[in-house]
Each structure stands twice: as structure tokens, then as C-alpha cells.
Amino acid sequence: MIRLIRPTARDIGASFLNRRGVPTTVLCRSLATLEYNAHELHDDDSHHSHNNTAHQHCAHSLLILGKPGGGKGTISGKILADFPQFRHVSTGDELRQHVRNQTPLGLEAKKFMDEGCLVPDNIMIRMVMGDAVEAIKNGQSLLLDGFPRTMEQAVALDKSLDVDMVINLCIPNETIIERISDRWIHPASGRVYNYAYKPPKVVGKDDETGETLVQREDDKPESVLKRLQKYEQATAPLVKYYEEKGVIQTFRGTMSDVIYPEVKKWLDNQLAEDAAATV
């Protein structure tokens, strides 16, 4: 279930994460009323009422984990098509939009980005919580993509939002390396080719200009392997954390079209069990 914890105004001023008082847990369940303070949870909603009521809806926070190039985007798209009650929250896209629109959150994040630093977790969590408030207000559930990425981030997020379902896509490194290293580009036009499913007419040459194709440094096998190893090191404790909470399901395979039916079956069962429990 989506569980929002409302900090006090004083705690918001000090830190979004370091609350001084005892947090109030708010559960969103079928036939239950969820009240939240939009002003306290979202800086941009200062003109909203302090006592809004969400739709009566059984809402969830679903996190999807997957290696770079492991089909996470494809699976997410299929979930959103089959389960329209979910709202996709891609933190990378959301962050870029905040920066582009020069929102208070975006301006704060840009300071760190301009210095080549990672955006602090508390900023990312405030951004996620803004989406959580909007989703609940519209009777939606959340599909979290891109955050949390580490156990530390998950623990911090848990203070504000309860992630109650996690999909872990486990694709062999060899499959991902082969998939990404088959990708070559034409620098001048940005045209992308892949020798596995969209090869150029002439090996190593752009179809339109005949110019030489190149492989980005990030797409070279050794670079891909380093990224995958870094991901596994950061994610292994996160997977264990959600295993101990009993909310994660791991799906193994090499093709999204084969994996997704199992994902859909699991999600159907989870949602059906929850709906039955709230009747």
C-alpha cells in the first residue's frame, strides 16, 4: 500500500528526513479515506488546501529493479499498458524536467549537478513524494523507476513512503553485454544500428551516407561489464533488504517477451489478494 508519513512543518524546515517528532503513518486502503497535507509534502503545491482527501482507492508503490540494458524500460511499458492504475515515476526524467522548468526543486538539484555531484537523497525523495501526493489524489498507484538504487536510499525512502511490491529483473550479464555491444552509431546523424536486430546494409557503414559507424565508449564490452558489476555491488544489499521485508519477486530470463507474462501473473495475483483482503 502507499503509506505516506507526514512530517511536521518544523521538521520540514530542518530536514525532510530528520524528523524530531513521532511520524504519523497514513495508510491508503479500499473504502478508507486518506488525508494528506499537500503543502507540507510538495513545495510547488503551496496554494493547495491543507486538508485534501484522496480518492477511495487501494494504492500501491511498486519498484522495478533491473540492470542497465536489461529490459527494464520494456517491462515498465508493458506494466503501464496492462495496469493503467499505475503512474510511472522515472526519477531521471522527473529530475531533468524539474531542472528544465527551473522549479525550486530543480534549481536546488542543479547546484549539485553543475558541480558534478550526485543529487542528495533528500531532494530525490521530496521529488518522489510530490508524485506520490498527485498519484494518491488521482486514485493511482506508483511505479518507481530509478530510485531507490541503494539500500541506504531505500531505508531513507521508507521513512516517507512504503514500497510494498518490488520486481527484480535478473538478466545474465553475457546477454546484456552482447545486446549493448552490438550497438553502433553514425555520429553525424545519430542513427543507431544493432547487429542483432537492426543491422546496417553494409557492415560498418551508415545506410544513407556510407560513412563509417563507430561504437560509443560506454557500449564497448569492457565498459558494459564495469557498469554491470557496479550495479550489482550497489543493488545486492537492496535486493536483500526487500527480501527480508517479503515484498520482492525476482524474474530470470533473457527475453522481455518471455519474462513479462510471469511478471503480469505475479502482479495480477498480488493485486487480487490485496483487493480480497480489503473487502
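Start with the second largest pocket. Its lining residues divide into five nonpolar, three polar and four charged. For that count, Ala, Val, Leu, Ile, Met, Phe, Trp, Tyr, Cys and Pro are nonpolar, Asp, Glu, Lys and Arg are charged, and the others, Gly among them, are polar.

Some ground rules. This is a predicted model, where local features need pLDDT of at least 70, side-chain atom pairs count only at pLDDT 80 or more, and totals for chains, interfaces and linings use all residues. Residues are numbered from 1 along each chain as its sequence is written, and side-chain values use heavy atoms, with hydrogens and water left out.

Pocket here means an open set of points on a 1 Å grid over the protein atoms alone, where a 1.4 Å probe fits, with protein on both sides within 12 Å along at least five of seven lines; lining residues have an atom within 4 Å of a point.

The second largest pocket holds about 200 Å³ of space. Volume is the space filled by probe spheres set on the points, joined across faces, edges and corners. Among its lining residues are Lys67, Tyr231, Glu232 and Arg252. Helix H9 (221–245) gives the largest share of that lining, six residues. Helices (H or I, at least four residues) and strands (E, at least two) are DSSP runs, numbered from the N terminus.

Now the largest pocket. It has about 1,100 Å³ of space. Lining it are 35 residues; Thr91, Gly146, Phe147, Arg149 and Tyr231 lie nearest the centre. By class, 14 are nonpolar, 12 polar and nine charged. Which element supplies the largest share of this lining? H9 again, with six residues.

On to helix H8, residues 173–181. Its buried residues are Asn173, Thr175, Ile176, Ile177, Ile180 and Ser181. Buried means under 20% relative accessible area, exposed over 50%, partly exposed in between, with a 1.4 Å probe and protein chains only. Those buried residues pack against strand S9 (183–186) and H9. Contact there means heavy atoms within 4.5 Å.

Two side chains to finish. Asp158 sits in helix H7, residues 151–158. Asp158 is buried, at 11% relative accessible area. Its side chain makes a polar contact of 2.3 Å with that of Tyr241. A polar contact is a pair of N or O atoms within 3.5 Å; within protein, one must be able to donate a hydrogen and the other to accept it, and residues adjacent in sequence count only if both atoms are side-chain atoms.

Arg126 is in helix H6. Is Arg126 buried or exposed? Buried, at 17%.
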